[in-house]
Amino acid sequence: MTTSTTPPADQIKDAVNDTVEKTTSFDWMWLLGTPLRIAIIIVAAIILNLIARKIIRKFSAKIADGTTAAQNRRQQKGEEIPRLNGNDAIAKARRAQRAQTVGSMLSSIATIVIATLTVMMVLTELNFNLGPLLASAGIAGVAIGFGAQELVKDYLSGFFIVVEDQYGIGDTVDLGEAIGTVEEVGLRTTKVRGIDGTLWHMRNGEILRVGNQSQGWARAVMDIAVPYDSDPDVLNGIIEDAVAELRQNPNYALSILEDPEILGVQDLTGEAMTIRTFIKTKPNEQWAIARAFRGTVKRMMDEKGIRIPLAQQTVVRTQTNGSTASATVSLSDEEDDEQPLPASTVPDETSGQRGELGITQQSSRPERDDS
């Protein structure tokens, strides 16, 4: 015998009638109250977040492109827009990094603020009392603030370092204790490679000053020691010829931006006078230009017979009887060996006397023997 699973017609009719009665008796106005307002709040928050992200992306794109509102106005007027190092790969990489950092942080801040306000508005619609919750959040925020204030300080400092373009990857910087080339810039730490290979990890909150030697242009400062009797016109000619020769060298031609600036006598000592010279160069090229310049000047000075006088030395020999004997040794260009002491000043080793020898440096101009 088989049984049918289909309910009778009267049972189906009763079920339909019950459903219709429940539907008609349901208070549909409730959906137009709190649930509808919550849905509207959530949808509005999503739309607002998308709009904020779109605005932030456009702002970041302008930073990465290196354009400003003033440049846009000049472009609309058909004026020429000067660009400094616009095709420089390093400058583009730094702008892209700065734009990415600014965009990600602003997007995160916008999302957190919108989400927080949305949750609070939804809880208010659900008749939650936000007073105790806000009080607890305030206490927790104070506790976390005391514990993580250094961390917050590091992140804020890193954000402004990147936004203000204080330094970037590849820059040679002086951060106080750490001096070297920047290898990585983060929101919390900065990594600097020292000249000896040491990798310094600097917390951004501890960086109080920044000396950037790679932004815009650099300057090679050279101090050249020359004899007192040197002709200033000859020295100036040597300096100009040295720079002209460097400019003919393809390895240094593009690194020199301007003609040398000869300031004049920088220092006077007992042996020589010092001439200071400035050469304006591209960033991070000042050291290579300074080394090449000194080598070229040294060769040209040798060709013209200009030599730097050596220091004068005094040899003092102390004897056991309290008397002293001294001899002045002048090191000239033609004679580098020490002159022997007079026989009267040399103690007799057979007499049992023992002496102590000391050498002191005097700052006096050596005399050249022309005879």
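**Salt bridges**

Modeller: At 53% relative accessibility, D259 counts as exposed. Exposed means over 50% relative accessible area, buried means under 20%, and partly exposed is in between, with a 1.4 Å probe and protein chains only as cover. This is a predicted model, in which local features need pLDDT of at least 70 and side-chain atom pairs count only at pLDDT 80 or more, while totals for chains, interfaces and linings use all residues. Residues are numbered from 1 along each chain as its sequence is written, and side-chain values use heavy atoms, with hydrogens and water left out.

The partner of D259 is R247, and their side chains meet in a salt bridge of 2.8 Å, N to O. D259 lies in the loop between α7 and β7 (261–268) and R247 in helix α7, so this pair ties together parts that are 12 residues apart in sequence. R247 is partly exposed, with a relative accessible area of 32%. Elsewhere, salt bridges that share partners join E150, D154, R203 and E206 into one network. A salt bridge here is a side-chain nitrogen of Lys or Arg within 4 Å of a carboxyl oxygen of Asp or Glu. Helices (H or I, at least four residues) and strands (E, at least two) are DSSP runs, numbered from the N terminus.

R203 is partly exposed at 24% relative accessible area, whereas D154 counts as buried at 2%.

The strand that holds R203 belongs to an open sheet of 5 strands in the order β4-β3-β2-β1-β5, with antiparallel pairing. Its edge strands are β4 (199–203) and β5 (211–212), each of which pairs on one side only. Two strands pair if DSSP finds at least two bridges between them.

A further salt bridge joins R299 to E245, with the closest N and O atoms 2.5 Å apart. R299 is in helix α8 (residues 286–303) and E245 in helix α7 (residues 232–248), so the pair links distant parts of the chain, 54 residues apart. Both ends are partly exposed: R299 has 36% relative accessibility, and E245 has 32%. In the whole structure, a search finds 13 salt bridges.
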